[in-house]
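Open the model in your viewer and keep the selection panel at hand. The stops below go one selection at a time.

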Amino acid sequence: MRSRRYRILAWSTFVGMLFVLLAGAIVTQTGSGRGCGSDWPLCHGKFIPAYTLESMIEYSHRMITGIVGLLVLLTFILTWFHRREHREAYAYAGGTLLFTVIQALMGAAAVKWPQQPAVMALHFGISLLAVSSSMMLVLWIYRMKQTDRQSVQTPPGFAVWAWGIWVFTYGVIYLGAFIRHRKAAGGCIGWPLCNGRLVPDFNEVAGVVFAHRLAAVLLFILTAIWALLVRRAERRNQASGTGTAVSYLLLCILFQIMSGAWLTAALDRGDELLFVSLLHNIIATILFSLLTDIAIQSWIYRRK
(Lines give C-alpha, C1' and ligand atoms only; values in the text may rest on other atoms or scores of the structure.)
Protein backbone atom coordinates (compact mmCIF):
# COMPACT_ATOMS: atom_id res chain seq x y z
CA MET A 1 0.00 0.00 0.00
CA ARG A 2 1.25 3.47 -0.83
CA SER A 3 2.62 5.40 2.12
CA ARG A 4 0.51 8.47 1.37
CA ARG A 5 -2.77 6.54 1.48
CA TYR A 6 -1.73 4.75 4.65
CA ARG A 7 -0.79 8.07 6.23
CA ILE A 8 -4.19 9.57 5.34
CA LEU A 9 -5.94 6.54 6.79
CA ALA A 10 -3.94 6.77 10.03
CA TRP A 11 -4.72 10.48 10.34
CA SER A 12 -8.42 9.84 9.65
CA THR A 13 -8.48 7.17 12.37
CA PHE A 14 -6.82 9.50 14.87
CA VAL A 15 -9.17 12.41 14.15
CA GLY A 16 -12.11 10.01 14.26
CA MET A 17 -11.07 8.71 17.67
CA LEU A 18 -10.99 12.29 18.93
CA PHE A 19 -14.56 12.78 17.71
CA VAL A 20 -15.63 9.57 19.44
CA LEU A 21 -14.16 10.77 22.72
CA LEU A 22 -15.77 14.21 22.44
CA ALA A 23 -19.12 12.72 21.42
CA GLY A 24 -19.02 10.52 24.50
CA ALA A 25 -18.24 13.55 26.66
CA ILE A 26 -21.24 15.38 25.18
CA VAL A 27 -23.46 12.39 25.97
CA THR A 28 -22.27 12.45 29.57
CA GLN A 29 -22.48 16.22 30.01
CA THR A 30 -26.01 16.43 28.56
CA GLY A 31 -27.26 13.36 30.43
CA SER A 32 -28.22 11.64 27.16
CA GLY A 33 -26.86 8.21 28.05
CA ARG A 34 -30.41 6.81 28.33
CA GLY A 35 -31.61 8.63 25.22
CA CYS A 36 -32.18 5.31 23.45
CA GLY A 37 -33.59 3.53 26.47
CA SER A 38 -32.09 0.09 27.08
CA ASP A 39 -31.87 -0.84 23.40
CA TRP A 40 -28.57 -1.47 21.63
CA PRO A 41 -27.61 -1.20 18.78
CA LEU A 42 -31.16 -0.02 17.94
CA CYS A 43 -32.66 3.06 19.58
CA HIS A 44 -36.06 2.50 21.20
CA GLY A 45 -36.40 -0.53 18.94
CA LYS A 46 -35.86 1.47 15.74
CA PHE A 47 -32.98 1.84 13.34
CA ILE A 48 -33.77 5.57 13.00
CA PRO A 49 -34.66 6.96 16.43
CA ALA A 50 -37.38 9.41 17.38
CA TYR A 51 -36.30 13.01 17.03
CA THR A 52 -35.73 13.91 20.65
CA LEU A 53 -32.58 15.74 21.69
CA GLU A 54 -31.39 12.98 24.01
CA SER A 55 -31.98 10.18 21.51
CA MET A 56 -30.25 12.04 18.68
CA ILE A 57 -27.20 12.83 20.82
CA GLU A 58 -26.88 9.23 21.98
CA TYR A 59 -27.53 7.76 18.54
CA SER A 60 -25.07 10.17 16.89
CA HIS A 61 -22.44 8.96 19.32
CA ARG A 62 -23.15 5.38 18.30
CA MET A 63 -23.00 6.21 14.58
CA ILE A 64 -19.69 8.03 14.95
CA THR A 65 -18.27 5.13 16.96
CA GLY A 66 -19.41 2.65 14.31
CA ILE A 67 -17.89 4.59 11.40
CA VAL A 68 -14.62 5.20 13.22
CA GLY A 69 -14.58 1.55 14.30
CA LEU A 70 -14.49 0.55 10.62
CA LEU A 71 -11.56 2.93 10.05
CA VAL A 72 -9.75 1.40 13.03
CA LEU A 73 -10.34 -2.12 11.70
CA LEU A 74 -9.16 -1.16 8.20
CA THR A 75 -6.02 0.47 9.61
CA PHE A 76 -5.21 -2.66 11.59
CA ILE A 77 -5.76 -4.96 8.58
CA LEU A 78 -3.54 -2.86 6.31
CA THR A 79 -0.89 -2.62 9.02
CA TRP A 80 -1.03 -6.40 9.38
CA PHE A 81 -0.49 -6.99 5.66
CA HIS A 82 1.88 -4.14 4.80
CA ARG A 83 3.62 -3.01 8.00
CA ARG A 84 3.79 -6.19 10.05
CA GLU A 85 7.60 -6.17 10.07
CA HIS A 86 7.46 -2.87 11.95
CA ARG A 87 6.59 -3.96 15.47
CA GLU A 88 5.81 -0.43 16.66
CA ALA A 89 3.22 0.22 13.94
CA TYR A 90 1.63 -3.19 14.53
CA ALA A 91 1.46 -2.56 18.29
CA TYR A 92 -0.15 0.89 17.88
CA ALA A 93 -2.73 -0.27 15.32
CA GLY A 94 -3.50 -3.35 17.40
CA GLY A 95 -3.79 -1.31 20.58
CA THR A 96 -6.21 1.10 18.93
CA LEU A 97 -8.39 -1.79 17.75
CA LEU A 98 -8.31 -3.52 21.14
CA PHE A 99 -9.25 -0.43 23.14
CA THR A 100 -11.93 0.55 20.61
CA VAL A 101 -13.58 -2.86 20.95
CA ILE A 102 -13.43 -2.70 24.75
CA GLN A 103 -14.84 0.82 24.67
CA ALA A 104 -17.74 -0.23 22.42
CA LEU A 105 -18.56 -3.25 24.59
CA MET A 106 -18.52 -1.12 27.73
CA GLY A 107 -20.81 1.40 26.07
CA ALA A 108 -23.25 -1.33 25.06
CA ALA A 109 -23.16 -2.80 28.59
CA ALA A 110 -23.87 0.63 30.08
CA VAL A 111 -27.01 0.89 27.94
CA LYS A 112 -28.23 -2.62 28.70
CA TRP A 113 -27.33 -2.62 32.37
CA PRO A 114 -26.83 0.79 34.02
CA GLN A 115 -23.35 0.95 35.56
CA GLN A 116 -21.90 2.60 38.62
CA PRO A 117 -19.99 5.91 38.15
CA ALA A 118 -16.71 4.11 38.91
CA VAL A 119 -17.25 1.83 35.90
CA MET A 120 -18.43 4.63 33.62
CA ALA A 121 -15.33 6.67 34.49
CA LEU A 122 -13.22 3.74 33.29
CA HIS A 123 -15.06 4.00 29.96
CA PHE A 124 -13.50 7.44 29.45
CA GLY A 125 -10.11 6.03 30.47
CA ILE A 126 -10.33 3.34 27.79
CA SER A 127 -11.21 6.03 25.25
CA LEU A 128 -8.03 7.89 26.21
CA LEU A 129 -5.95 4.77 25.58
CA ALA A 130 -7.58 4.32 22.16
CA VAL A 131 -6.90 7.94 21.16
CA SER A 132 -3.30 7.73 22.39
CA SER A 133 -2.65 4.52 20.43
CA SER A 134 -4.00 6.06 17.23
CA MET A 135 -1.88 9.17 17.79
CA MET A 136 1.23 7.04 18.33
CA LEU A 137 0.72 5.43 14.91
CA VAL A 138 0.55 8.88 13.29
CA LEU A 139 3.75 9.94 15.09
CA TRP A 140 5.46 6.71 14.06
CA ILE A 141 4.64 7.40 10.39
CA TYR A 142 5.99 10.94 10.73
CA ARG A 143 9.21 9.75 12.33
CA MET A 144 9.72 7.08 9.68
CA LYS A 145 9.55 9.79 6.99
CA GLN A 146 12.39 11.75 8.53
CA THR A 147 15.65 11.06 6.77
CA ASP A 148 17.76 13.16 9.14
CA ARG A 149 16.46 11.84 12.43
CA GLN A 150 18.63 12.86 15.31
CA SER A 151 19.58 10.27 17.86
CA VAL A 152 17.51 10.59 21.02
CA GLN A 153 18.91 9.54 24.37
CA THR A 154 17.28 9.45 27.75
CA PRO A 155 19.23 9.48 31.00
CA PRO A 156 19.12 6.60 33.50
CA GLY A 157 15.87 6.64 35.44
CA PHE A 158 14.03 8.76 32.85
CA ALA A 159 11.77 5.86 31.85
CA VAL A 160 10.89 5.23 35.50
CA TRP A 161 9.87 8.88 35.94
CA ALA A 162 7.93 8.83 32.66
CA TRP A 163 5.92 5.71 33.37
CA GLY A 164 5.39 6.63 37.02
CA ILE A 165 3.92 9.99 36.04
CA TRP A 166 1.95 8.28 33.25
CA VAL A 167 0.22 6.00 35.78
CA PHE A 168 -0.37 8.91 38.18
CA THR A 169 -1.83 11.06 35.38
CA TYR A 170 -4.20 8.27 34.40
CA GLY A 171 -5.39 8.19 38.00
CA VAL A 172 -5.93 11.96 38.09
CA ILE A 173 -7.94 11.87 34.87
CA TYR A 174 -9.94 8.90 36.15
CA LEU A 175 -10.86 10.88 39.26
CA GLY A 176 -12.06 13.74 37.06
CA ALA A 177 -14.21 11.36 34.99
CA PHE A 178 -15.59 9.81 38.19
CA ILE A 179 -16.59 13.27 39.45
CA ARG A 180 -18.39 13.97 36.18
CA HIS A 181 -20.33 10.67 36.22
CA ARG A 182 -20.99 10.98 39.94
CA LYS A 183 -22.29 14.52 39.28
CA ALA A 184 -20.15 15.68 42.18
CA ALA A 185 -18.57 18.75 40.55
CA GLY A 186 -20.52 21.00 42.91
CA GLY A 187 -18.89 19.41 45.94
CA CYS A 188 -16.32 22.20 46.11
CA ILE A 189 -17.63 25.72 45.66
CA GLY A 190 -14.89 28.21 44.77
CA TRP A 191 -11.32 27.83 43.57
CA PRO A 192 -8.57 27.35 44.76
CA LEU A 193 -10.32 27.09 48.12
CA CYS A 194 -12.97 24.42 48.57
CA ASN A 195 -16.13 25.72 50.20
CA GLY A 196 -14.14 28.66 51.56
CA ARG A 197 -11.51 26.49 53.24
CA LEU A 198 -8.04 25.26 52.31
CA VAL A 199 -8.95 21.80 53.62
CA PRO A 200 -12.73 21.32 53.53
CA ASP A 201 -14.94 19.28 55.79
CA PHE A 202 -14.78 15.88 54.20
CA ASN A 203 -17.86 14.15 52.91
CA GLU A 204 -18.42 11.81 49.98
CA VAL A 205 -18.84 14.63 47.45
CA ALA A 206 -16.37 17.27 48.64
CA GLY A 207 -13.74 14.65 49.44
CA VAL A 208 -13.42 13.29 45.91
CA VAL A 209 -13.35 16.78 44.35
CA PHE A 210 -10.69 17.93 46.81
CA ALA A 211 -8.65 14.76 46.16
CA HIS A 212 -8.80 15.47 42.41
CA ARG A 213 -7.56 19.02 42.91
CA LEU A 214 -4.80 17.92 45.26
CA ALA A 215 -3.69 15.20 42.84
CA ALA A 216 -3.56 17.73 39.97
CA VAL A 217 -1.30 20.04 41.99
CA LEU A 218 0.92 17.12 42.96
CA LEU A 219 1.13 16.08 39.31
CA PHE A 220 2.30 19.58 38.37
CA ILE A 221 4.98 19.53 41.12
CA LEU A 222 6.25 16.07 40.14
CA THR A 223 6.41 17.02 36.46
CA ALA A 224 8.26 20.26 37.30
CA ILE A 225 10.87 18.28 39.26
CA TRP A 226 11.14 15.83 36.37
CA ALA A 227 11.64 18.69 33.89
CA LEU A 228 14.45 20.13 36.03
CA LEU A 229 16.18 16.75 36.23
CA VAL A 230 15.96 16.30 32.46
CA ARG A 231 17.32 19.80 31.76
CA ARG A 232 20.21 19.14 34.13
CA ALA A 233 20.95 15.86 32.34
CA GLU A 234 20.90 17.66 28.99
CA ARG A 235 23.43 20.22 30.22
CA ARG A 236 25.70 17.34 31.18
CA ASN A 237 25.18 15.76 27.74
CA GLN A 238 23.48 12.76 29.34
CA ALA A 239 20.30 13.28 27.30
CA SER A 240 19.09 14.97 24.16
CA GLY A 241 15.74 15.76 22.60
CA THR A 242 13.66 15.21 25.74
CA GLY A 243 13.62 18.41 27.79
CA THR A 244 11.42 20.32 25.34
CA ALA A 245 8.80 17.56 25.33
CA VAL A 246 8.62 17.52 29.14
CA SER A 247 8.32 21.33 29.16
CA TYR A 248 5.33 21.09 26.80
CA LEU A 249 3.87 18.48 29.12
CA LEU A 250 4.25 20.83 32.09
CA LEU A 251 2.50 23.58 30.12
CA CYS A 252 -0.40 21.24 29.31
CA ILE A 253 -0.82 20.41 33.02
CA LEU A 254 -0.94 24.12 33.83
CA PHE A 255 -3.59 24.71 31.16
CA GLN A 256 -5.57 21.76 32.50
CA ILE A 257 -5.55 23.18 36.02
CA MET A 258 -6.66 26.58 34.66
CA SER A 259 -9.48 24.99 32.66
CA GLY A 260 -10.55 23.15 35.82
CA ALA A 261 -10.71 26.48 37.65
CA TRP A 262 -12.77 27.93 34.79
CA LEU A 263 -15.12 24.93 34.99
CA THR A 264 -15.60 25.49 38.72
CA ALA A 265 -16.28 29.21 38.21
CA ALA A 266 -18.84 28.45 35.49
CA LEU A 267 -20.55 25.93 37.73
CA ASP A 268 -20.69 28.39 40.63
CA ARG A 269 -22.28 31.05 38.40
CA GLY A 270 -24.73 28.57 36.88
CA ASP A 271 -23.37 29.16 33.36
CA GLU A 272 -23.50 26.69 30.48
CA LEU A 273 -20.86 24.03 31.15
CA LEU A 274 -20.71 22.13 27.85
CA PHE A 275 -17.99 24.21 26.13
CA VAL A 276 -15.80 24.44 29.23
CA SER A 277 -16.23 20.74 29.95
CA LEU A 278 -15.25 19.80 26.39
CA LEU A 279 -12.21 22.08 26.62
CA HIS A 280 -11.22 20.36 29.86
CA ASN A 281 -11.53 16.97 28.12
CA ILE A 282 -9.55 18.09 25.07
CA ILE A 283 -6.64 19.36 27.15
CA ALA A 284 -6.67 16.15 29.20
CA THR A 285 -6.53 14.13 25.97
CA ILE A 286 -3.61 16.15 24.58
CA LEU A 287 -1.82 15.92 27.92
CA PHE A 288 -2.23 12.16 28.22
CA SER A 289 -1.35 11.49 24.57
CA LEU A 290 1.82 13.60 24.82
CA LEU A 291 2.81 11.82 28.01
CA THR A 292 2.20 8.43 26.39
CA ASP A 293 4.57 9.33 23.56
CA ILE A 294 7.24 10.55 26.01
CA ALA A 295 6.93 7.39 28.11
CA ILE A 296 7.18 5.03 25.13
CA GLN A 297 10.09 6.90 23.56
CA SER A 298 11.90 7.02 26.90
CA TRP A 299 11.68 3.24 27.12
CA ILE A 300 12.77 2.62 23.52
CA TYR A 301 15.74 5.02 23.71
CA ARG A 302 16.75 4.47 27.31
CA ARG A 303 20.50 4.46 28.01
CA LYS A 304 21.76 1.16 29.31
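This is a predicted model: local features need pLDDT of at least 70, side-chain atom pairs count only at pLDDT 80 or more; totals for chains, interfaces and linings use all residues.

Residues are numbered from 1 along each chain as its sequence is written, and side-chain values use heavy atoms, with hydrogens and water left out.

**Stop 1: the core.** Select L129, L137, W226, L249 and F288. These residues have the most contacts inside the largest nonpolar core, which has 56 residues. Such a core is a set of buried Ala, Val, Leu, Ile, Met, Phe, Trp, Tyr and Cys residues joined through side-chain atoms within 4.5 Å. Buried means under 20% relative accessible area, exposed over 50%, and partly exposed in between (1.4 Å probe, protein chains only). Which elements give two or more residues to this core? They are helix 1 (3–30), helix 2 (53–82), helix 3 (87–112), helix 4 (117–145), helix 5, helix 6, helix 7 and helix 8 (274–300). Helix 4 supplies the largest share, 13 residues. Helices here are DSSP runs (H or I, at least four residues), numbered from the N terminus.

**Stop 2: a helix pair.** Select residues 158–182, helix 5, and residues 204–235, helix 6. Their axes are 10 Å apart and the packing angle is about 155 degrees. Helix 5 is therefore roughly antiparallel to helix 6 (the term covers angles over 145 degrees). Axes are lines fitted to C-alpha atoms over the stretch in contact, and angles run from 0 to 180 degrees between N-to-C directions. Now colour the contact by residue class: 22 nonpolar, four polar and two charged. Ala, Val, Leu, Ile, Met, Phe, Trp, Tyr, Cys and Pro count as nonpolar, Asp, Glu, Lys and Arg as charged, and the others, Gly among them, as polar.

**Stop 3: the disulfide.** Select C188 and C194. The structure holds one disulfide, and it joins these two cysteines, S to S 1.8 Å. The cut-off for a disulfide is a pair of cysteine sulfur atoms within 2.5 Å. The link is left-handed, with -80 degrees about the S-S bond. Are its ends buried or exposed? C188 is buried at a relative accessible area of 0%, and C194 is buried at 1%.

**Stop 4: helix 7.** Select residues 243–269, then pick out L251. L251 is partly exposed, at 38% relative accessible area. Finish on C252, which is buried at 13%.

Key. Angles under 35 degrees count as roughly parallel, over 145 as roughly antiparallel, 65 to 115 as roughly perpendicular and the rest as oblique.
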